[in-house]
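Reader: I have a structure to go through with you. Could you take me through its main features once it is on the screen?
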Amino acid sequence: MRTAMMKSVRSSLQKSSSSATLRRSYSSDSAPARKVAILGAAGGIGQPLSLLMKLNPLVSSLSLYDIAGTPGVAADVSHINTRSEVVGYMGDENLGKALEGADVVIIPAGVPRKPGMTRDDLFNINAGIVKGLCTAIAKYCPHALVNMISNPVNSTVPIASEVFKKAGTYDEKRLFGVTTLDVVRAKTFYAGKAKVPVAGVNVPVVGGHAGVTILPLFSQATPQANNLSDEEIVALTKRTQDGGTEVVEAKAGKGSATLSMAYAGAIFADACLKGLNGVPDVVECSFVQSTVTELPFFASKVRLGKNGVEEVLGLGSLSDYEKQGLEALLPELKSSIEKGIKFANQS
């Protein structure tokens, strides 16, 4: 029998996205075989993410990869009595085996942010890691949906796109920057301030996935709370933008937002799997190739389907404050995108 905790986790995953009733009808008995590979599975995000994906009934094969420590994580997770079979892979020589046949590849690999670290510091370490992993994806599972978690996402997604272009495998519909944690935070903070049940809250978050580039659209939040002042909206926006720093500082040098990021990563991967399986009206925010603005990549609501991105949705009506935020974020986001493209092409 499943424990009450496992039921609770599954229930929360299923309720988190739109069309929940339709999606819950997809049991493990009717769902097709799907392989999910997690690159960086032994890390701070990778371990809880591996647990959450093991609990997802849509996953039939869970492939866990890291440079070290993966056999232990795989053994631990494999004892959980759910559908998927788990295999752990360790070391560069086994990366290809980990990726072969994957439908969805999730990349939380790299180093987390520590107090005092800038996104530039993260870039200098994680850019090379991401480039190497994407080179392998292009070779071993070129048609997989790639969910990029490794920060800075504003730069690592463009790096991945350039790697895939060079390999001749790039499909803009299959590359996603995971910005779901921004949405999760916006929902949580909004519900707390507006005093509404968080389970029914939705808040689109657009732009990018770092600081000022994160733009929650509280004017489009549902249910719409008329009891929030302009000052409270500004404060909610700032807190959403600084959510990662809030956790880094609270952990006092002992970690970053690993647990909430793993949850958000599992939510987005679940949406990708539902889309692949043909569930209608699966919509999540994600950082993807886009024509919503003049920038080549931008986060907005995306309809997911059997080919990945079915439709990139527009921004909708923005408040004056949100219009100002949009103008302010564009130069910063443009710089981050160009930095990723430059790195991929010069090294």
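Reader: Where does helix 11 run, and what span does it reach from its first C-alpha to its last?
Author: Helix 11 covers residues 258-276 and reaches 27 Å between those two atoms, close to the 27 Å expected at 1.5 Å a residue.

Reader: And which residue takes a positive phi just after helix 11?
Author: That is Gly278, with a phi of about 90 degrees.

Reader: Changing topic: how many aromatic pairs are there?
Author: The count comes to four aromatic pairs. One of them is formed by Phe123 and Phe343, in an edge-to-face arrangement with 5.6 Å centre to centre and 80 degrees between the planes.

Reader: Which helices hold Phe123 and Phe343?
Author: Phe123 belongs to helix 6 (residues 119-140) and Phe343 to helix 12 (residues 320-346). The pair links distant parts of the chain, as the two residues are 220 residues apart.

Reader: Is Phe123 buried or exposed? And Phe343, buried or exposed?
Author: Phe123 counts as buried, at 5% relative accessibility. Phe343 has a relative accessible area of 18% and is buried, because the cut-off for that class is under 20%.

Reader: What about the pair formed by Phe176 and Phe268?
Author: Phe176 and Phe268 are also edge-to-face, at 5.4 Å centre to centre and 65 degrees between the planes. Phe176 lies in strand 6 (residues 175-177) and Phe268 in helix 11, so this pair ties together parts that are 92 residues apart in sequence. Phe176 counts as buried at 0% relative accessibility, and Phe268 counts as buried at 0% as well.

Reader: Back to Phe343 and Phe123. Which charged ends sit over the ring of Phe343 and over the ring of Phe123?
Author: Over the ring of Phe343 sits the charged end of Lys131, 5.8 Å from the ring centre. For Phe123, the charged end of Lys339 sits over the ring, 4.6 Å from its centre.

Reader: Last topic, confidence. What pLDDT does the chain average, and where does pLDDT stay under 50?
Author: The chain averages a pLDDT of 92, and 91% of the residues score at least 70. Over residues 14-28 pLDDT stays under 50, and the model has 29 contacts beyond four places in sequence for that stretch. Where pLDDT is low, the predicted coordinates should not be read in detail.

Notes:
Residues are numbered from 1 along each chain as its sequence is written. This is a predicted model: local features need pLDDT of at least 70, side-chain atom pairs count only at pLDDT 80 or more; totals for chains, interfaces and linings use all residues. Side-chain values use heavy atoms; hydrogens and water are left out. Helices (H or I, at least four residues) and strands (E, at least two) are DSSP runs, numbered from the N terminus. The expected span of a helix is 1.5 Å times one less than its number of residues. Rings of Phe, Tyr and Trp (its six-membered ring) pair if their centres lie within 6.5 Å; planes under 30 degrees apart count as stacked, over 60 as edge-to-face and the rest as tilted. Buried means under 20% relative accessible area, exposed over 50%, partly exposed in between (1.4 Å probe, protein chains only). A charge sits over a ring if NZ of Lys or CZ of Arg is within 6 Å of the ring centre and within 35 degrees of the ring normal. pLDDT is the predictor's confidence in each residue, from 0 to 100. Contact means heavy atoms within 4.5 Å.
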